Structures are given as C-alpha cells and as structure tokens.
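Reader: I am new to this structure and would like a friendly tour. Could you show it to me first, and then take my questions one by one?

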Amino acid sequence: MEEGSQNSEQLFEDDGNELEMEGNDIDIDSNGLDIEGNCLDIESNGLQDDCDGMLEIDDNHESNGDDATAVSIENGISQGKNYPPPVVGMEFESYDDAYNYYNCYAKELGFAIRVKSSWTKRNSKEKRGAVLCCNCEGFKTIKEANSRRKETRTGCLAMIRLRLVESNRWRVDEVKLEHNHLFDHERAQNCKSHKKMDAVAKRKVETTVDVEVRTIKLYRTSTADPVGYGNLNSLEGEISETVDRSKRLKLNKGDSQIIYDFFSRIQLTSPNFVYLIDLNDEGCLRNVFWIDSRSRAAYGYFGDVVAVDTTCLSNKYEIPLVAFVGVNHHGQSILLGCGLLADDTFESYVWLFRAWLTCMSGRSPQTIITDHCRAMQSAISEVFPRAHHRLHLSHVMQSLFENLGELQESDVFQMILNRTVYETVKVDEFEMGWDDMIRRFGLADHAWLCTLYEERERWAPVYQKDTYFAGMCTFENGEFRSSFFDGFVHKQTSLKEFFGKYELLVQEERKTEAINDLESRDSSPLLKTRCFYELQLSKLYTNEIFRRFQDEVVMMPCFSITQVHANGPVITYMIKEHEAEGDRSNIKNFEVMHDKAGTEIRCICSCFNFNGYLCRHCLCVLHYNGVEEIPFQYILSRWRKDFKRLYIPELGSNNIDISNPVQWFDHLHRRAMQVVEEGMISQDHYTVAWQAFKESLNKVRLVADKH
C-alpha cells in the first residue's frame with residue numbers, strides 16, 4: 001500500500017481546491033459538477049432507444065447478468081469482469097481496501113494507477129481523502145520534457161475520488177471512467193502499482209453498501225425503454241407481469257414522449273439544462289429530476305433555506321411532482337429544481353435528494369422545510385446530515401385540526417391552540433400551555449397528537465429560534481410561502497398540461513423578478529417615520545423586504561425599556577409592549593441582549609432568524625444606546641437591491657496546468673459559456689457577445705498566422 005502511495009509525484013498537491021475543510025459535510029471541489037464530460041452528462045438524445053448515458057439507481061453493487069458490470073463499450077469507457085467499475089457511493093472498510101480494489105480493477109483492464117493527491121486532517125496525520133488516477137494522467141513537466149524517456153502520459157482523466165465519511169468508511173465521491181488511450185496489459189503488469197500488489201490486493205475486494213443507500217451508476221441496454229413501461233417491443237401502457245408496478249413512475253399513454261420532447265426542447269435553448277433519470281431493474285422509468293442553469297446559479301445566492309414541496313405526491317395528484325423552492329431577494333418563491341417520483345419511499349427520496357445535491361455542487365442548505373413524512377425525514381438525515389430539518393407549520397396546524405374531529409369546529413379550542421403555538425416566546429410557556437390544553441379537552445389518550453408533540457422541536461416556533469428561515473415561514477399566522485405551482489397544478493392536471501404551463505410559469509416568475517429589480521433600483525420608497533434605521537435600509541433593501549422591515553419600524557414606540565442584567569459589555573433589557581393598539585391591559589415582555597463590544601444584539605422573538613431583519617425590540621435597544629446605524633452583520637446581502645446577481649453556472653477554479661491541453665479546453669469552455677449565458681439576456685446582449693466572439697476569433701487566428 002505504501003509503495004503504491006509513494007508512486008505519486010504530487011502526494012499532497014492541492015489539486016483544484018480539493019483540500020477538505022473541517023466542517024464540510026460533502027467535499028466536492030469547484031469542478032466537481034462538470035455536467036459536460038463526466039458521468040452525469042445527459043445528452044439531448046438521452047431518452048432515445050439506445051439509452052446511452054442513462055443514469056440508473058441500483059440498490060446494490062452485485063453483478064446481475066451480463067449488464068451488471070457493463071457501463072459502455074464506446075469511447076474508451078472501461079468494463080470489468082471480476083471487478084465492477086467504480087461508481088459514486090461505493091464504500092470500503094479502509095483506505096487500503098479502496099486502493100486495492102481500484103488497483104485490481106485497473107490491472108484487469110490493462111492500465112496502472114497512482115495517487116494523484118491526498119489530504120489529511122489539520123494538525124494530524126490522519127488521512128481524510130485521496131484522488132487515485134490513471135498512470136497516464138497529466139503530461140511531462142518542463143524539466144522532464146528534456147529527458148530521453150519516452151512520453152507515456154496522455155492527459156487521461158480517468159480517476160476516482162475517495163473521502164473518509166462519518167461511518168469511518170471510505171466512500172467514492174467522484175468517478176471518471178473514460179480513458180483517452182488504449183489499454184496495454186503487458187505494460188500495465190510491469191508498473192509499480194501492480195508489481196507491488198500484496199496478497200491482500202489479489203483477492204476480490206467487495207464493497208459494502210447499506211441496504212438503505214442507493215448509488216448512481218451509468219446504465220446501458222439496447223432493449224429497455226427508459227420512459228415507458230416495459231421494453232421497446234411492447235405497446236405503451238403494457239407491462240410485464242414480473243415488473244412491480246409500485247416501483248415505476250405511473251405514466252399515461254403518450255407521457256413518455258411528452259417527457260422526452262420537453263427535455264429535448266429545453267436543452268436546445270438552455271445548454272446547461274440537466275436532467276437525471278432513475279431506472280428500475282427492468283429498465284422502466286422510476287424517478288426523474290431536472291433543473292436549468294438559472295436555478296442552479298440562483299441557488300448560489302438563495303440556497304440558505306429550501307422547501308421541498310410534496311403536495312402533489314402526498315395528495316396523490318395525477319402527476320407525482322416534487323418541487324425544490326427557495327426565496328429570492330424580493331421574498332418571491334423561486335424554483336430550484338423539480339422531480340417526478342414513483343412513490344414516497346425512503347429510497348426514492350434519497351435518490352432525488354442526492355441528484356439535487358450533486359447538481360448544487362454538493363453544497364447543502366442551512367435549513368430544509370418539508371411536510372411531516374417519516375420516509376422523507378430519514379432521507380434528509382441520510383443526505384443532509386448537517387442541515388436543520390423543519391416542518392411546515394401551516395401544514396402541521398392543518399393536519400392537527402383534521403385529526404381532531406369535532407374539536408376543529410370549536411372556536412375556544414382554536415383560540416387556545418393558536419395562542420399556545422404562535423404567541424408563546426419561551427419553551428416552558430409553550431409546554432405549560434400545551435399541557436393545559438390537553439387536560440382541558442381530554443386529549444391525553446389521542447395517539448396522533450402525542451406523536452405530533454414528540455416532534456414539536458421540528459415545528460413549534462418556540463423551539464426554532466436558532467434556525468434561519470429567510471422569511472419563508474411567518475410564525476405569526478402560520479402562513480407559508482413555499483408553494484410555487486399553487487393555482488397552476490390541480491389534482492387532475494395531466495403531465496401534458498403541466499409541461500405546457502411549466503415554461504410559461506417559470507418565465508413569468510423571472511419576468512416578475514426583473515420588474516421588481518427595476519422598480520427597487522429606480523424608485524425610492526415612501527418613509528413613514530423619521531427613524532434613521534428606516535432611511536438607512538430604504539437605500540439598501542428591495543422594496544418588498546423594506547416594506548416588511550418598515551412595519552417593524554412603525555411599531556417601534558414601546559411602553560418601556562428596562563435594564564435587567566449586566567455581564568460586562570453584555571446587557572439584558574426588558575421591552576414591554578401592548579399586544580393590541582389602545583389596549584393597556586395586555587402587555588407582553590421581550591428580553592433583548594445587547595453586546596456593546598461586539599455590536600451584537602438578539603431578541604427572544606428571534607425575528608432576525610425568522611425573517612432576516614431586526615425586530616422593533618432590537619431597534620428600540622439600539623436607539624436607546626445611541627447606535628445610529630444598524631450594524632453591518634444584520635444587513636443581509638440576499639435582500640440588497642444594489643447587489644449584482646449573475647445567473648450563470650459556477651465557473652470553478654482558475655488554477656490550470658498550462659502544460660495540459662485538456663485543462664485548456666475545460667477552462668476556455670467554461671469562460672465561453674459565461675459569455676453565452678449573459679448573451680442570451682436580450683438582443684443587445686446577444687449582439688455584443690457575438691461581436692466579442694468574432695473579435696476574439698480574429699485575434700486567435702493572428703497568433704496562428706505568426707507561428
């Protein structure tokens with residue numbers, strides 16, 4: 001093992017920012033989602049009969065007949081006999097096992113491997129990750145170019161990336177199977193990595209995969225119908241009796257062609273549009289995911305909080321739609337990807353979440369908001385272990401009333417429940433109020449309500465004070481802003497109707513955002529007070545977010561401010577305010593902690609975490625202490641109207657090997673795509689981009705003429 005590792009010339013090279021940082025739950029480098037040219041590439045003909053380039057999800061890595069290890073026989077993509085090709089998600093008990101597996105796989109095919117790079121935990125020698133590559137990777141350095149040794153490197157990109165995960169197993173995070181050279185078994189046998197193989201490496205290394213974990217792998221078959229029901233020889237709508245109907249997407253006649261036509265049409269106008277499909281063992285379509293480049297880019301700005309809308313799936317709509325929804329700088333719902341699922345099982349959700357996360361370069365959101373679903377909850381724990389998983393409060397309240405029979409008609413019960421859920425500011429207040437409600441209405445033996453109470457930390461606002469929601473949930477009345485297709489998709493909406501409305505709806509959303517951008521930039525909102533905080537944010541925030549903040553400013557006049565505790569520079573104040581204007585009897589108390597040294601402030605109402613701006617209680621304390629402007633850390637860039645947002649795919653690293661032509665192409669292609677994306681904004685943008693391309697081409701040709 002050590003011999004194999006020492007063969008690397010760049011053992012601890014920082015290869016394109018792939019050094020793993022502590023605290024990141026998923027290590028995917030800036031080039032980790034190269035949609036063009038890697039195993040996630042789904043070409044526009046991806047739904048054709050040949051099925052080349054399809055993605056399949058298997059529940060295990062065991063060989064199943066002739067197609068179990070066959071990935072593709074074209075373009076130099078390798079096939080193994082005894083050792084299946086590596087796939088993302090493979091896990092090994094140790095680094096040695098992973099290295100030996102890849103070494104054995106390489107030897108069988110006829111190429112050698114080496115350790116391109118590896119990295120360790122800070123202040124420790126413990127290995128945390130590594131990249132194993134084909135021995136033909138890269139090219140000679142300038143010093144080596146003058147040697148008499150024959151050039152054997154070809155710039156091959158075949159590799160696997162390994163990472164140590166929380167289970168203390170080594171997981172394959174990235175795979176590139178394609179070689180740009182022929183295999184030479186004789187030469188490979190004499191390479192160091194194979195000559196030094198010990199007895200352990202000679203045995204077949206089995207990968208260990210939990211039964212609940214499903215991994216993406218390329219799938220190729222000449223008979224499977226990827227978007228139909230059985231195979232291409234059967235009529236659409238017919239299915240073999242051996243195929244489990246519950247494990248395939250429920251499509252009507254003609255739906256497969258509708259899906260194919262939609263994906264093909266979108267890719268013609270949006271080259272960076274991505275779709276992933278999941279086939280079952282019989283080659284039938286099981287799950288689908290798609291996302292365009294605009295949504296992927298928008299996630300970079302607004303990916304802190306994401307809601308997963310499963311209304312259509314859970315309510316058995318005609319189309320089993322799942323939508324990823326975020327909130328932009330105008331508080332407007334934006335689409336961050338869509339999927340169609342065969343069922344609402346753990347396996348389907350894991351596939352969908354992993355597909356979505358891969359398209360987002362492995363960057364998990366801070367907060368994920370979903371419906372109450374055990375399978376989805378388990379899937380989120382598996383795929384997003386560090387994200388805050390919360391439940392839609394409005395959906396919880398709706399379900400609560402639906403499960404309480406006659407009590408849902410009781411005005412007294414509704415008043416007590418709403419007061420307990422929405423108006424309590426401390427945990428003990430909530431729990432006392434809940435206990436009183438249970439006793440008063442005799443609900444102690446209500447099993448569903450007891451289960452809901454056990455989950456209270458995921459939905460009750462009083463437990464959410466350290467969770468950031470970006471205004472997606474308004475805890476004053478339970479209103480929720482996550483529905484993107486509300487009013488457009490109904491229970492009987494067909495797939496044809498949906499895809500017909502989809503593009504119009506997405507275009508309308510982006511048109512609305514553009515109009516709001518223009519209005520926020522060119523207009524000055526009307527001020528309602530003389531407060532300098534109001535004036536400050538009127539110049540920075542978009543109109544809608546400023547309006548919400550302005551409501552807090554208007555309510556600033558408080559009953560009284562009292563200092564109740566001091567600990568050095570940290571002072572606690574008690575703010576007393578009336579619950580209703582003109583009502584002097586009902587007074588609510590709010591504690592506000594202010595750190596003068598660190599200019600930090602926090603209110604027990606947690607308005608900043610819930611909505612993304614400071615509450616009236618914090619503003620009162622700042623004003624009381626003579627602070628003239630809101631501290632910069634409480635002015636979020638996600639709400640600013642002067643922040644330039646370019647909705648283009650992530651460019652990745654600028655660090656390239658100037659001696660590597662493969663990296664030249666990759667870097668130039670990414671830069672060119674940036675111009676293409678911006679050139680599609682308008683006709684004027686197109687004209688400028690086209691002129692720039694022509695001028696650049698002429699300059700490049702002049703260089704060629706000189707040589």
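Reader: Which residues of H20 are buried?
Author: Helix H20 spans residues 616–624, and seven of its nine residues are buried, so the helix is mostly covered. Buried here means under 20% relative accessible area, exposed means over 50%, and partly exposed lies in between (1.4 Å probe, protein chains only). Helices (H or I, at least four residues) and strands (E, at least two) are DSSP runs, numbered from the N terminus. The buried ones are Arg616, His617, Cys618, Leu619, Cys620, Val621 and Leu622.

Reader: Before we go on, what kind of model is this?
Author: Residues are numbered from 1 along each chain as its sequence is written, and side-chain values use heavy atoms, with hydrogens and water left out. Local features need pLDDT of at least 70, side-chain atom pairs count only at pLDDT 80 or more, and totals for chains, interfaces and linings use all residues, for this is a predicted model.

Reader: Which residue just after H20 takes a positive phi?
Author: The UniProt annotation "domain: SWIM-type", from an unreviewed entry, covers residues 590–626. UniProt positions are given in the numbering used here, feature names are shortened, and annotations may be inferred rather than shown by experiment. Over residues 590–626 the chain is 38% helix and 27% strand, with the end C-alpha atoms 20 Å apart. The residue just after H20 with a positive phi, about 75 degrees, is Gly626.

Reader: Is E8 enclosed or open, and why?
Author: Val274, Leu276 and Asp278 point one way from E8, while Tyr275, Ile277 and Leu279 point the other way. In a regular strand the side chains alternate between the two faces of the sheet. Because six of the six residues of E8 are buried, the strand is largely enclosed by the rest of the structure.

Reader: Which residue in the hairpin of E8 and E9 takes a positive phi?
Author: E8 and E9 pair in the antiparallel sense over six bridges, and Val274 stands opposite Ile291 in E9. The hairpin has five residues between the strands. The residue there with a positive phi, near 85 degrees, is Gly283.

Reader: Which residue in E12 stands opposite Val325?
Author: Strand E11 (residues 321–327) and strand E12 (residues 333–341) run antiparallel and are joined by six bridges. Opposite Val325 stands Leu335.

Reader: Is Phe413 buried or exposed?
Author: Phe413 sits in helix H13 (residues 411–422). Leaving aside neighbours within four places in sequence, Phe413 is in contact with Leu400, Phe401, Leu404, Leu407, Met437, Phe441 and Leu443. Because its relative accessibility is 0%, Phe413 counts as buried.

Reader: What is the relative accessible area of Ser361?
Author: Ser361 lies in the loop between H10 and E13. Although not a glycine, Ser361 has a positive phi of about 60 degrees. Ser361 is partly exposed, with a relative accessible area of 22%.

Reader: And what is the relative accessible area of Ala470?
Author: Ala470 lies in the loop between helix H15 (447–454) and strand E15 (473–474). Ala470 is not a glycine, yet has a positive phi of about 55 degrees. Ala470 is buried, and its relative accessible area is 1%.

Terms used
Two strands pair if DSSP finds at least two bridges between them. Contact means heavy atoms within 4.5 Å.
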